[in-house]
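Here are my notes on this entry, for a colleague who has not seen it before. Please read them with the structure open.

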Amino acid sequence: MTTENELRLQDARTPLEALRARLSTVVAIPVTPFQENGAVDWDNHAALIRRLVEHGVEVVTPNGNTGEFYTLTGAETRRAVESAVAAVDGRAEVMAGVGLDIASAVAGALDARSAGAGSLMVHQPVHPYRSAEGWIEYHRAIADAVPELGVVLYVRDPRIDGRQLAELADRSPNVIGVKYAVPDPVRFASVARDAGLHRFAWIAGLAELSTPGYWAVGATGFTSGLVNVVPQLSAALLEALRGGDFAKAMRVWESARVFEELRAADASADNVSVVKEALQQLGLSGRAVRPPSRVLPEDLRVRISELIAQWRIEGWL
């Protein structure tokens with residue numbers, strides 16, 4: 001039960017401080033469903049996001065990697081945010097994914113603000129030559145274009161250290177979170193502490209498979225594509241970790257393990273395809289993806305069928 005003093009402290013928080021606290025949760029990365037002709041199925045897009053919110057998801061990120069951001073047109077990314085805002089209907093935070101060149105990212109940020117999103121997740125810059133100074137300036141340009149929106153950095157580069165994160169936040173105070181996706185929990189622990197463990201919302205960015213290890217050294221939230229399929233499983237992992245019950249968390253982890261290993265195989269080649277195949281088999285969406293992803297071959301479809309059967313036995317579905 002929340003005490004009167006805790007309520008006063010909550011009331012005293014700025015909107016950005018409140019947002020930072022709200023990100024300590026499962027951050028869902030919804031898929032972008034396609035019709036057979038390749039166009040986005042917007043009715044299904046909204047239905048899938050409503051399903052997430054109805055299962056208790058508090059943060060959704062349209063235009064994330066699981067949403068096939070890099071295959072979408074500018075018009076499609078704008079509409080994805082609009083669709084998400086309408087679908088959550090005030091019941092969850094919409095954190096819009098933006099990226100590519102600075103002009104495109106800023107345009108996406110402005111579109112997200114206009115659509116009613118409360119925050120941004122900035123994809124790692126795709127430029128092959130990245131300096132530390134240039135990395136800071138890239139994110140400053142985006143964050144400063146929408147100072148009222150919270151900004152979460154998607155960090156996949158192990159060269160980014162805590163000093164750079166702290167410098168960026170000093171210069172752009174709306175940078176309030178980090179989605180950390182470098183596969184090295186020791187590096188994460190060091191970066192988080194050098195940047196400020198309590199200064200940012202630290203989100204484990206490699207989904208359920210890596211979450212317990214990152215949680216043990218400072219993460220308080222995690223991203224998920226699995227939540228599109230089995231939201232109860234992701235919620236159970238969050239509950240166990242929040243309660244400090246790592247034994248229970250690892251039992252839940254075992255239920256997610258094979259699915260997440262299939263997504264991570266071959267440098268995550270089938271990351272989205274695995275999620276969409278499961279949604280297809282559950283009758284929730286189609287399996288179509290855009291190149292360079294592929295539809296799963298038959299042997300992997302069978303493995304997804306076996307996983308769904310196991311989840312039903314375990315009570316997740």
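1. Start at Phe 259. Leaving aside residues up to four places away in sequence, Phe 259 touches Leu 226, Val 229, Val 274, Val 275, Ala 278, Ile 304, Leu 307 and Trp 311. Keep in mind that this is a predicted model.

2. Phe 259 belongs to the largest nonpolar core, which has 83 residues. Together with Leu 120 and Leu 165, Phe 259 touches the most other members. Helix 10, residues 231-242, gives this core its largest share, six residues. There is also a second, separate core of 13 residues. Val 152, Tyr 154, Ala 181 and Ile 203 are among its members. As background, nonpolar side chains in soluble globular proteins tend to be buried together.

3. Now helix 12, residues 271-281. How much of helix 12 is buried? Eight of its 11 residues are, so helix 12 is largely enclosed by the rest of the structure. The buried set is Val 272, Ser 273, Val 274, Val 275, Lys 276, Glu 277, Ala 278 and Leu 279. Note that Lys 276 and Glu 277 are in that set. Three of these residues, Val 274, Val 275 and Ala 278, are contacts of Phe 259. The packing partners of the buried residues are helix 3 (42-54), helix 11 and helix 13 (298-314). After helix 12 comes Gly 283, with a positive phi near 75°.

4. The strands deserve a separate look. Eight of them form a closed barrel in the order 1-2-3-4-5-6-7-8, with parallel pairing. Strand 2 (residues 59-60) pairs with strand 3 over two bridges, in the parallel sense. There, Val 59 stands opposite Glu 93 of strand 3. Strand 3 (residues 93-98) also runs parallel to strand 4, joined to it by four bridges. Val 98 has Val 122 as its bridge partner in strand 4.

5. Is strand 4 covered or uncovered on its two faces? Both faces are covered. Ser 119 and Met 121 are buried on one side, and Leu 120 and Val 122 are buried on the other. Leu 120 is also one of the residues with the most contacts to other members of the largest core.

6. Next, the open space. The largest pocket has a volume of about 760 Å³. Its lining has 30 residues, and Asn 65, Tyr 154, Arg 156, Ser 268 and Asn 271 lie nearest the centre. By type, the lining splits into 14 nonpolar, 11 polar and five charged residues. Helix 9 (207-216), strand 8 (221-224), helix 11 (246-268) and helix 12 each supply at least two residues. Helix 11 gives the largest share, five residues.

7. The largest cavity has a volume of about 30 Å³. Its lining consists of Val 27, Ile 29, Thr 61, Met 95, Met 121, Lys 179, Ile 203 and Thr 223. Five of these are nonpolar, two polar and one charged. Met 121 is also a buried residue of strand 4.

8. Finally, Ile 160. Ile 160 sits in the loop between strand 5 (150-155) and helix 7 (162-171). Is Ile 160 buried or exposed? Its relative accessibility is 4%, so Ile 160 counts as buried. Setting aside residues up to four places away in sequence, Ile 160 touches Trp 135, Val 155, Leu 165, Arg 187 and Val 191.

Technical notes. Residues numbered from 1 in each chain as written. Predicted model: local features only at pLDDT ≥ 70, side-chain atom pairs only at ≥ 80, totals over all residues. Heavy atoms only, no water. 1 Å grid on protein atoms, 1.4 Å probe; cavity = no way out; pocket = protein on both sides within 12 Å on 5 of 7 lines; lining within 4 Å. Points joined across faces, edges and corners; volume = space filled by probe spheres on them. Nonpolar A, V, L, I, M, F, W, Y, C, P; charged D, E, K, R; others polar. Buried < 20%, exposed > 50% of the residue type's maximum accessible area, 1.4 Å probe, protein only. Contact = heavy atoms within 4.5 Å. Core = buried A, V, L, I, M, F, W, Y, C linked by side-chain atoms within 4.5 Å. Pairing = 2+ DSSP bridges.
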